[in-house]
Amino acid sequence: MPPKKQAKQLKFSKKTLLAALHQSGAPLRSKNIYDLFDADASLKKVIKSTLAQLVESGEIVQMGKSYGLIDNLPRMTGTLDVRRSGVGYLIADDRKQKDLFIHPNNFGGAWPGDKVIAVIDGSRKKDSPEGRVVEVLDRATRELLVRVTRRIHQDSYFCHPTDSRMPFYTVVDTSGVPNPEKGDILSVAPVEEQEKGIWRCTALRRLGEERDLATQELLVKTGYSIPEIFPVPALRQAEALPDAPSPQDWADRNDLRKLALVTIDGETAKDFDDAVYVERQENGYRLVVAIADVAHYVPEGSPLDVEALARGNSYYFPLSVEPMFPEALSNGLCSLRPKVARLAMVVDTPYSMDGEPGAPRLYNAVIMSQARLTYNQVQAALDGSPDQDTAELLPMLRDAEELAKIFMKRRMGRGCLDFDIPEAQVRVIEDIISVHAGTRLFSHRLIEEFMIAANERVAEYMGARQRVFPYRIHPQPDEKKLETLLRMLSHTSLVDRLPKEMNQMGLQHISHAAKGTDIEYLVNRLILRTMMQAQYSPENDGHYGLASVAYCHFTSPIRRYADLLVHRSLKRLIAGEPEKISMGDVQGICEGLNALERKAMEAEREIQKRSAILALEDRIGEEMRGVVSGVADFGFWVELLDMPVDGLVRLATLDDFYVFDPERQDLLGQRTGKTFAMGQTLNVVLEAVSLERVEINFTLP
């Protein structure tokens with residue numbers, strides 16, 4: 001509240017202004033300040049100028065039309081999250097605090113991802129206060145990516161950031177990068193803010209021409225700080241390793257070299273970290289899952305281990321991979337290549353005819369993969385067309401097919417949620433980029449089922465023995481989200497088929513009820529949106545999506561650090577050694593791995609979107625078929641049927657006023673009565689694509 005007018009009118013000066021702001025204890029609007037000094041038009045100009053000088057010098061802070069002393073305002077420390085729309089939110093370090101809205105005018109020179117201090121102004125909106133950044137504690141961006149616009153001098157170019165959330169310009173010294181051209185992407189180091197809105201920078205490297213997919217990959221890698229080069233100590237450690245395991249390494253290991261283990265992977269895979277064998281027995285089946293023994297070659301605390309922990313996982317892009325380990329390990333010594341001896345950790349489990357697991361045996365082994373098979377090869381063999389590689393293995397593959405189907409039926413019976421949504425794949429053939437949904441074969445499901453089974457057996461075995469390792473947990477959905485889902489579906493044709501309980505079985509029932517109907521897409525998307533994100537934790541909270549009591553990641557230690565931790569703990573257990581890592585240590589590691597996993601997922605989504613934009617650039621104005629994948633009060637998203645990518649139809653482009661109903665997830669035209677709803681199929685016209693904003697925009701035909 002502004003201080004009451006005093007009987008004797010204040011005489012304006014910088015000192016009396018600061019005293020008045022101090023006395024108020026909260027920001028004052030400019031109108032209230034004018035009233036304090038009974039300012040006429042002339043004095044208002046002086047006050048306005050003085051306020052601007054004080055803001056510039058940092059003595060006071062401006063919050064919209066209000067001004068206050070920084071010391072009078074509460075503060076919050078956190079990370080600045082900037083949306084594509086330009087608005088920002090401060091994500092507080094203290095998780096108990098709500099996100100703080102920050103207008104773009106109040107960023108205070110901060111960039112997306114920066115660690116900052118903001119002051120909070122709750123004077124105007126008590127229920128939703130706003131903030132203003134007053135100090136940048138740590139820059140998230142060490143390398144800034146810019147697009148060359150025009151040349152200024154010999155080695156000086158005017159550029160602007162590729163990230164549309166950074167609304168400033170740069171003057172770049174390119175003396176270290178020869179002859180950049182308009183449209184090139186440069187990585188630059190910020191030096192200083194030359195003047196408001198213009199930064200002076202030094203060019204570090206040229207990534208390439210913007211519309212080259214390889215350049216887009218480098219852009220995403222740099223933007224997400226994904227490492228591209230291994231440190232020298234890690235490379236030296238990798239180079240010092242042998243080309244193959246020696247007989248001395250086989251000591252005290254089970255020799256499975258004669259067992260018909262095979263790897264089944266994609267056509268282009270090089271890091272084969274799992275091999276499988278299935279044997280039909282009198283009372284059931286035997287499943288052997290052998291996983292590359294990476295822990296044998298990577299001691300804890302070694303340069304390779306430190307770098308793997310920093311990376312957290314491998315990062316996959318359309319044209320390249322940034323592996324967790326150097327290729328000498330990932331594609332060499334630890335890759336289960338055919339006909340060569342390799343060290344492995346094995347989960348050897350008997351199963352009954354209905355898939356009930358018996359007591360598993362977990363041990364160190366030396367193996368020799370009998371064949372490097374692909375998903376397409378295995379599927380062709382199961383469909384009756386084996387080739388020379390699969391003909392001799394066909395009886396084993398038939399047994400594997402039977403067991404995988406038993407596993408699938410068993411998992412469905414316990415409420416596992418399975419949408420079997422194919423992943424987006426990017427292909428480049430003769431410089432033509434295409435993005436399409438990958439083909440899902442039963443052979444994919446077969447390997448997935450065996451990996452899930454192995455992960456469950458390891459988690460159960462180690463958990464029962466009180467070992468400390470990262471579980472893979474999937475928390476239950478928030479009850480409010482489930483209630484919202486139920487309300488949404490009550491407005492659909494499934495209203496009479498909704499379950500009484502919204503548990504795993506209930507959600508599975510809904511998904512099955514929608515299968516083959518017009519709203520199958522809508523239902524599966526809505527169910528997915530209720531789900532929490534899976535994560536790593538030393539505490540076992542179960543895996544909701546898989547309906548697993550205990551689950552961990554054990555099967556991919558070449559590309560996931562969590563799996564390596566599980567292997568090490570299992571090795572200590574097998575050797576009869578006590579656990580050497582604490583719950584607190586594993587918790588800290590898990591928090592880092594969860595963040596790195598999110599980074600990998602976000603980077604993968606962005607490069608897929610950028611690839612789609614490049615693929616669509618020559619199709620502007622073309623009419624396409626799609627399905628409504630999301631609805632908001634400003635428009636709706638449409639996912640194309642022939643390309644797993646979505647774009648926005650803005651309401652501003654439509655010829656009616658539409659009202660958004662969040663419960664029904666639809667938009668209703670007030671004049672025409674026309675409705676746009678989740679899951680609706682319709683035609684759209686590609687209006688525009690933008691690499692700068694990473695946007696695809698549609699209109700209606």
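Glu-430 is exposed, with a relative accessible area of 73%. Exposed means over 50% relative accessible area, buried under 20%, and partly exposed in between, with a 1.4 Å probe and protein chains only. Glu-430 sits in the loop between strands β23 (424-429) and β24 (432-437). Helices (H or I, at least four residues) and strands (E, at least two) are DSSP runs, numbered from the N terminus.

This is a predicted model: local features need pLDDT of at least 70, side-chain atom pairs count only at pLDDT 80 or more, and totals for chains, interfaces and linings use all residues. Residues are numbered from 1 along each chain as its sequence is written, and side-chain values use heavy atoms, with hydrogens and water left out.

Now step back to the whole protein. It has 15 helices and 34 strands. Its C-alpha atoms fill a box of roughly 100 × 65 × 55 Å along the principal axes. Of the 701 residues, 51% are buried.

Asn-72 gives a local example. Asn-72 lies in the loop between β3 (66-68) and β4 (75-82). Its relative accessibility is 22%, so Asn-72 counts as partly exposed. Leaving out residues up to four places away in sequence, Asn-72 touches Leu-21, His-22, Gly-25 and Ala-26. From Asn-72 to Tyr-351 the separation is 279 residues in sequence and 68 Å in space, C-alpha to C-alpha.

Next come the salt bridges. A salt bridge is a side-chain nitrogen of Lys or Arg within 4 Å of a carboxyl oxygen of Asp or Glu. The whole structure holds 42 of them. One joins Arg-206 to Asp-184, with the closest N and O atoms 2.8 Å apart. Arg-206 lies in strand β13 (198-209) and Asp-184 in strand β12 (184-195), so the pair ties together parts that are 22 residues apart in sequence. Arg-206 is partly exposed at 42%, whereas Asp-184 is buried at 3%.

Another salt bridge pairs Asp-293 with Lys-571, again by side chains (2.8 Å, N to O). Asp-293 is in the loop between β17 (284-292) and α6 (303-311), and Lys-571 is in helix α14 (561-574), so this pair ties together parts that are 278 residues apart in sequence. Asp-293 is buried, with a relative accessible area of 1%. Lys-571 is buried too, at 19%.

Glu-695 and Arg-650 also meet in a salt bridge (3.9 Å, N to O). This pair links distant parts of the chain, with Glu-695 in strand β34 and Arg-650 in strand β29 (646-650), 45 residues apart. Glu-695 is buried at 18%, and Arg-650 is partly exposed at 35%. Elsewhere, salt bridges that share partners join Glu-300, Arg-467, Arg-572, Glu-579 and Lys-580 into one network.

Asp-38 is not a glycine, yet its phi is positive, near 50°. Asp-38 lies in the loop between α2 (30-36) and α3 (41-57). Asp-38 counts as exposed, at 55% relative accessibility. Val-694 also has a positive phi, about 50°, although it is not a glycine. Val-694 is in the loop between β33 (681-690) and β34 (695-699). Val-694 counts as buried, at 12% relative accessibility.

Key. Contact means heavy atoms within 4.5 Å.
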